[in-house]
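Here is a briefing on one protein model.

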Amino acid sequence: MNLNTLLNFNKTLISTFQLNFLKKSYAKATSSVSMLGMKKKKVGKSGPTTEKKVLPVETDPNRLVTHCCGSNIYLTGEDIKLAPDSEYPEWLWSIRTGPAPPLEELDPNSIEYWRRVRKMAIKQNMQLLKLKKF
């Protein structure tokens with residue numbers, strides 16, 4: 001390949017790049033995106049205000065006791081009907097629903113123990129960093 005063909009090739013490559021770069025419009029102004037579930041109301045002195053979407057709440061006490069309200073995520077269909085306690089597995093009733101057990105109750109050979117220790121150390125280091133003066 002001689003020098004002239006190489007230079008011609010580079011010129012066409014550069015001009016093609018410049019044309020493609022101009023076509024792309026990288027600094028195009030974008031429109032604002034509204035938040036999910038919110039509608040723009042009007043623009044006031046403090047900027048645009050948003051209106052919250054009101055979700056329906058079940059108020060029928062009989063339905064609240066017999067159905068798992070909110071379990072149906074589709075537009076059609078019904079919520080799941082609750083079964084008697086005897087039809088659920090026994091381990092379901094022994095699940096801890098309160099606060100996490102204290103560190104003393106956890107086994108030092110378990111992953112949960114060391115995750116808790118690490119989390120506590122991170123919290124302590126963050127508190128110390130807040131007290132540090134720059």
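Helix H3 covers residues 111-131, 21 residues in total. From first C-alpha to last, H3 reaches 31 Å, close to the 30 Å expected at 1.5 Å a residue. The expected span is 1.5 Å times one less than the number of residues. Helices (H or I, at least four residues) and strands (E, at least two) are DSSP runs, numbered from the N terminus.

The model is predicted: local features need pLDDT of at least 70, side-chain atom pairs count only at pLDDT 80 or more, and totals for chains, interfaces and linings use all residues. Residues are numbered from 1 along each chain as its sequence is written, and side-chain values use heavy atoms, with hydrogens and water left out.

**Start of H3**

- A side-chain oxygen of Ser-110 comes to within 3.3 Å of the backbone nitrogen of Tyr-113, at the start of H3.
- This is a polar contact: a pair of N or O atoms within 3.5 Å; within protein, one must be able to donate a hydrogen and the other to accept it, and residues adjacent in sequence count only if both atoms are side-chain atoms.
- Tyr-113 is buried, at 18% relative accessible area.
- Buried means under 20% relative accessible area, exposed over 50%, and partly exposed in between (1.4 Å probe, protein chains only).

**Salt bridges**

- The whole structure has 2 salt bridges, each a side-chain nitrogen of Lys or Arg within 4 Å of a carboxyl oxygen of Asp or Glu.
- Glu-58 and Arg-63 form a salt bridge at 3.8 Å, N to O.
- Glu-58 is partly exposed at 33%, and Arg-63 is partly exposed at 23%.
- Asp-79 also forms a salt bridge with Arg-63, with the closest N and O atoms 3.8 Å apart.
- Arg-63 sits in helix H2 (residues 61-66) and Asp-79 in the loop between strand S3 (67-68) and strand S4 (80-81), so this pair ties together parts 16 residues apart in sequence.
- Through shared partners, the salt bridges join Glu-58, Arg-63 and Asp-79 into one network.

**Around Asp-79**

- Is Asp-79 buried or exposed? Asp-79 is buried, with a relative accessible area of 17%.
- A polar atom of the Asp-79 side chain lies 3.2 Å from the backbone nitrogen of Asn-72.
- Leaving out residues up to four places away in sequence, Asp-79 touches Arg-63, His-67, Cys-68, Cys-69, Gly-70, Ser-71 and Asn-72. Contact here means heavy atoms within 4.5 Å.

**Cysteines**

- How many disulfides does the structure hold? The count is 0, where a disulfide is a pair of cysteine sulfur atoms within 2.5 Å.
- The cysteine sulfur closest to that of Cys-68 is in Cys-69, 7.2 Å away, which is too far for a bond.
- Cys-69 is likewise in no disulfide.
- Cys-68 is partly exposed at 33%, and Cys-69 is partly exposed at 32%.

**Aromatic pairs**

- There are 2 aromatic pairs. Rings of Phe, Tyr and Trp (its six-membered ring) pair if their centres lie within 6.5 Å; planes under 30 degrees apart count as stacked, over 60 as edge-to-face and the rest as tilted.
- Tyr-88 and Trp-93 are edge-to-face, at 6.2 Å centre to centre and 85° between the planes.
- Tyr-88 is partly exposed at 30% relative accessibility, and Trp-93 is partly exposed at 46%.
- Tyr-113 and Trp-114 have ring centres 5.0 Å apart and planes at 90°, so this pair is edge-to-face.
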